[in-house]
Amino acid sequence: MPHDHHDHLSPSGHPYRPDDDHPLTYWQQMEIAVRELLIEKGVTTAADINTQIDAMDARNPSHGAAVVARAWTDPAFRCALRKDASAATREMGFDIGPMRLIALENTTDQHNIVVCTLCSCYPRNLLGLPPDWYKSRAYRSRTVKEPRKVLAEFGVTLPESTTVRVHDSTADMRYVVIPARPEGTEGWSADDLAKLVTRDSMIGTGLPKSPDAK
Amino acid sequence: MRDREYMRVRSDMPPGHVRTPSYLRGKVGWVERTLGPFENPEQLAYGLKGDPLPLMRVRFSMADVWGPASETPHDTIDAEIYSHWLEPAEAPNAP
C-alpha cells in the first residue's frame, strides 16, 4: 500500500493542497462596510440585496440563445432587432435597463467580436455574468490588437475574406453577436435552434454548435 | 467611402474617470453611427449632473490604430466615443 502512513497525504492518497483563501482585500472590506451601512441606515435591506443577487444569477445565456433563434426564424423580429435591439429584446422579457443594446450580425463577409477594454461591460440581461476570461487583461488587451490570434485560440479560424470587426464596449451600449445560422438546420424550430447557440457564439469568440452535435 | 465623416480622437491624457480608451487617443476613424444623447460620464462619476452629449460609434481600421504591422490592416475596431473627445479630421492614408 504505497499511500499508507503518510500524514501529508489526504485519504485519497494525494497530497493536501494549500488553501487558496486570503484575507479580505481593501475593496472587499469597503463593499461589506458600505453594504452594512446602507442596511443599518434603512436605505436597503438584506432581503433586497439577496433578491438582486438571485435576479442576477437567474440570467444566463439561454436568454440570448432564445433571441438568436428567434432572429433566425422570424424575419420581422430580425428587422426589429436590427433597428432597436433594446426594444426588441425587452418585448421578449429581457429588459436591458438603462443601457442600450446593439445586435451584430455575423455573415460570411464579417465576423463580430465583443470586448470591453476599459472594464467588463457585458449584455448581462441576455448572457448572465461574464466569464472570468472576458475580464482578464489578456483578453481585453489582445482582442483589439490581434483578434484573429485570439479567435484561433478559441478554435475559430476565419478566412482573410471575412472582415473581423472588434467592438469595444466603452460606454452606454451593450453588444450581442447574432451568429450565422448553421447550415443543415432548415425547418428547425426556434427551440431546437436555441440549443445550438453557445454563450461564446454570442460574444463572438465562438460559433454555434453544428446540427450534428445536437 | 467618400461620405465618411472622419474624426480624430483627442490625444489628451487628463486625470480622472474617462471612458475614451487611451489606445485610441490621437487615432482617426469614421463615424459608424451617432447615438445618444447620453450624460457625460466624466461628470456623472463625481456626482455632478452630466451634460447630454452625442455618443459616436467610431470605426477605426486596424492599420490606423496599430500601424502597417497590424495583424490584418482592413479589420476594424468600433468604439463609443463621446463627442467632446472628437474633432473633424482628414481621411488617413491607410487602406
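**Note on the sheet, core and selected residues of a predicted model**

1. Strand β2 (residues 110–115 is its span in chain A) pairs in the parallel sense with strand β3 (residues 163–168) of chain A, over six bridges. Strands here are DSSP runs (E, at least two residues), helices are DSSP runs (H or I, at least four residues), and both are numbered from the N terminus. Two strands count as paired if DSSP finds at least two bridges between them. Within this pairing, A:I113 stands opposite A:V166, and A:V114 stands opposite A:H167.

2. On conventions: the model is predicted, so local features need pLDDT of at least 70 and side-chain atom pairs count only at pLDDT 80 or more, while totals for chains, interfaces and linings use all residues. Residues are numbered from 1 along each chain as its sequence is written, chains are lettered from A and ligands numbered from 1 in the order in which they are written, and side-chain values use heavy atoms, leaving out hydrogens and water.

3. Buried means under 20% relative accessible area, exposed over 50%, and partly exposed in between (1.4 Å probe, protein chains only).

4. The sheet draws on both chains: it is open, has seven strands and mixed pairing, and runs in the order β2(A)-β3(A)-β4(B)-β3(B)-β2(B)-β1(B)-β5(B). Its edge strands are β2 of chain A and β5 (86–88) of chain B, each pairing on one side only. From one strand to the next the twist averages 35°, with axes taken as lines fitted to C-alpha atoms and angles running from 0 to 180 degrees between N-to-C directions.

5. In chain B, strand β1 (residues 6–9) runs antiparallel to β2(B), joined by three bridges. β1(B) and β5(B) are also antiparallel, with three bridges. B:R8 takes part in both pairings: its bridge partner in β2(B) is B:V28, and in β5(B) its partner is B:E87.

6. B:G29 lies in strand β2 (residues 28–39) of chain B and counts as buried because its relative accessibility is 1%. Leaving aside neighbours within four places in sequence, B:G29 is in contact (heavy atoms within 4.5 Å) with B:E5, B:Y6, B:M7, B:V58, B:R59 and B:F60. B:G29 and B:Y46 are 17 residues apart in sequence and 29 Å apart in space, C-alpha to C-alpha.

7. The largest nonpolar core has 65 residues, of which A:L81, A:V166 and A:I178 touch the most other members. Such a core is a set of buried Ala, Val, Leu, Ile, Met, Phe, Trp, Tyr and Cys residues joined through side-chain atoms within 4.5 Å. Helix α3 (residues 61–73) of chain A supplies the largest share, six residues. Beyond four places in sequence, the contacts of A:I178 include A:V68, A:A71, A:W72 and A:L81.

8. Helix α1 (residues 26–40) of chain A has 15 residues and should span 21 Å at 1.5 Å a residue; its end C-alpha atoms are 21 Å apart, which agrees. The expected span is 1.5 Å times one less than the number of residues. After α1(A) comes A:G42, whose phi is positive, near 80°.

9. A:D200 is in helix α10 (residues 199–203) of chain A and is buried, at 19% relative accessible area. Not counting residues up to four places away in sequence, A:D200 touches A:W133, A:F154, A:T205 and A:G206.
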